[in-house]
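Student: Please take a close look at one part of this model for me. I would like the sheet and the core treated together.

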Amino acid sequence: MMNKSNLFKALALALISFLLVAANVAMVTQFRAEIPDPAKNEIKIEWTVQQESGVMHYELLRKMVRDSDFIPVATIDVRPPSSQPNLYTYLDRNVFRNSGNTEPVVYELNVVFTNGERRFIGQAEVNYTSTAVRRTWGSIKAMFQ
């Protein structure tokens, strides 16, 4: 049986644990990937965060749809607190260049908190064709004009 002192300690510990977990917040309202300029081998990844607390950084991973595993692309540090939502942007210039066909590229976003906790945020997908294929097709078209 617990005495009052031990009960108080257990409740205080539970409350502190709850507050520490509740302090870890990353409310992402938008996560997307797009090709800003079809003439370049780049994909722009953006996410908007309405509220952040206890965030150390974000992890961005990538894979082609046919691949089974994601590979790390970047670690993005958290921005200073603001009264406005924080917009994060990353330009992926190391997109796979060996694919000859249009293929979906999938990005995964995770948040890592200062206490080491890691949470999945979401995935974004974009269809991608390397510029080498586009340039070749452009050259073929130019020969017949």
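**The sheet and its core**

Tutor: Along the sequence, the protein chain reads α-β-β-β-β-β-β-β-α. That makes two helices and seven strands. Keep in mind that the model is predicted.

Start with the open sheet. Four strands build it, in the order β4-β3-β6-β7, with antiparallel pairing. β4 and β7 stand at the edges with a single partner strand each, so one side of each has no neighbour in the sheet. On average, neighbouring strands here are turned by 20° against each other, direction ignored.

Now zoom in on one pair. β3 and β4 run antiparallel and are joined by six bridges. Glu-59 has its bridge partner in β4: Thr-75.

Next, the core. The largest nonpolar core holds 24 residues. Phe-31, Ile-43, Ile-45, Trp-47, Tyr-58, Leu-60 and Tyr-107 have the most contacts inside it. The elements giving it two or more residues are β1 (25-34), β2 (43-53), β3 (55-64), β4 (71-77), β5 (86-92), β6 (103-113) and β7 (118-128). β6 supplies the largest share, five residues.

Setting aside neighbours within four places in sequence, Tyr-58 is in contact with Ala-26, Trp-47, Val-49, Glu-52, Ala-74, Thr-75, Ile-76, Tyr-88, Leu-109, Asn-110 and Val-111.

Finally, the whole chain. Of its 145 residues, 32% are buried. Take contacts between residues at least 6 apart in sequence: 61% of them join residues at least 24 apart.

Definitions and conventions:
Residues numbered from 1 in each chain as written. Predicted model: local features only at pLDDT ≥ 70, side-chain atom pairs only at ≥ 80, totals over all residues. Heavy atoms only, no water. Buried < 20%, exposed > 50% of the residue type's maximum accessible area, 1.4 Å probe, protein only. Contact = heavy atoms within 4.5 Å. Core = buried A, V, L, I, M, F, W, Y, C linked by side-chain atoms within 4.5 Å. Pairing = 2+ DSSP bridges. Axes fitted to C-alpha atoms, helices over the stretch in contact; angles between N-to-C directions.
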